[in-house]
Amino acid sequence: MKKFFITSLLIVVAILFCSITEASNWKTDFEKASLDAKASDKYMLLDFSGSDWCGWCKRLEQEVFSQDAFKDFAEKNFVCVLVDFPRAKEQTKGLKQQNQDLADKYGIKGFPTIIILSPDGEPVAKTGYLQGGAREYARHLEKIIEEYKAK
């Protein structure tokens, strides 16, 4: 009976994890995300995060990125890339190197830092955590894109 309960619990957790991961649509492979952005004519949102230790990163995820209002906006406008620097989560050597190279390229000094790139990969803006929730954050990003297009 105990084995059945544990097995059932693991299956439920796996299903929930997969559905959360699918729903978020965040990528970790920068090159593939760049190709997707160019092909779909979407901007890129790079989230430089310390997802398992950075308090402001956790707040940004909880208050903005995990909310339906942001997810709907992002799905229409962005290819989202998590550039993560966790302390306890395992990453491949290649992913660690990619993330460090991106941090060096964009001059990342702290977390969270959000970099917006045009569909062609040109830097558009650098921002971070803002209070106000998902809708306000989406408006902030929309304004950044509008100002960039107006140039």
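Reply: Asp-47 stands opposite Leu-82 in β2. Asp-47 also stands opposite Ile-114 in β3. The model is a predicted one: local features need pLDDT of at least 70, side-chain atom pairs count only at pLDDT 80 or more, and totals for chains, interfaces and linings use all residues. Residues are numbered from 1 along each chain as its sequence is written, and side-chain values use heavy atoms, with hydrogens and water left out.

Now the strands. Helices (H or I, at least four residues) and strands (E, at least two) are DSSP runs, numbered from the N terminus. Two strands pair if DSSP finds at least two bridges between them. Strand β1 covers residues 43-49 and pairs with β2 in the parallel sense, over seven bridges. β1 and strand β3 (residues 113-117) run antiparallel, joined by five bridges. Strands of a sheet pair through backbone hydrogen bonds, either parallel or antiparallel.

The sheet is open and has four strands, in the order β2-β1-β3-β4, with mixed pairing. Its edge strands are β2 and β4 (123-127), and each pairs on one side only. From one strand to the next, the twist averages 20 degrees. Angles run from 0 to 180 degrees between N-to-C directions, and axes are lines fitted to C-alpha atoms, for helices over the stretch in contact.

β2 is an edge strand, yet six of its seven residues are buried (under 20% relative accessible area, 1.4 Å probe, protein chains only), so β2 is largely enclosed by the rest of the structure.

Gln-91 lies in the loop between β2 (78-84) and α5 (93-105). Gln-91 is buried, with a relative accessible area of 18%. A polar atom of its side chain lies 3.2 Å from the backbone oxygen of Asp-84. Leaving aside neighbours within four places in sequence, Gln-91 is in contact (heavy atoms within 4.5 Å) with Asp-84, Pro-86, Lys-96 and Asn-99.

A helix covers the sheet's strands. α6 lies across β1, β2, β3 and β4, running at about 150 degrees to β4. α6 (residues 133-150) also meets helix α3 (residues 55-65): their axes come within 7 Å and cross at roughly 95 degrees. α3 and α6 are therefore roughly perpendicular (65 to 115 degrees) to each other. On the α3 side, the residues are Leu-60, Glu-63, Val-64 and Phe-65; on the α6 side, they are Gly-133, Ala-134 and Tyr-137.

Note on methods: Parallel < 35°, antiparallel > 145°, perpendicular 65-115°, else oblique. Buried < 20%, exposed > 50% of the residue type's maximum accessible area, 1.4 Å probe, protein only. Polar contact = N/O pair within 3.5 Å; in protein donor to acceptor, adjacent residues only side chain to side chain.
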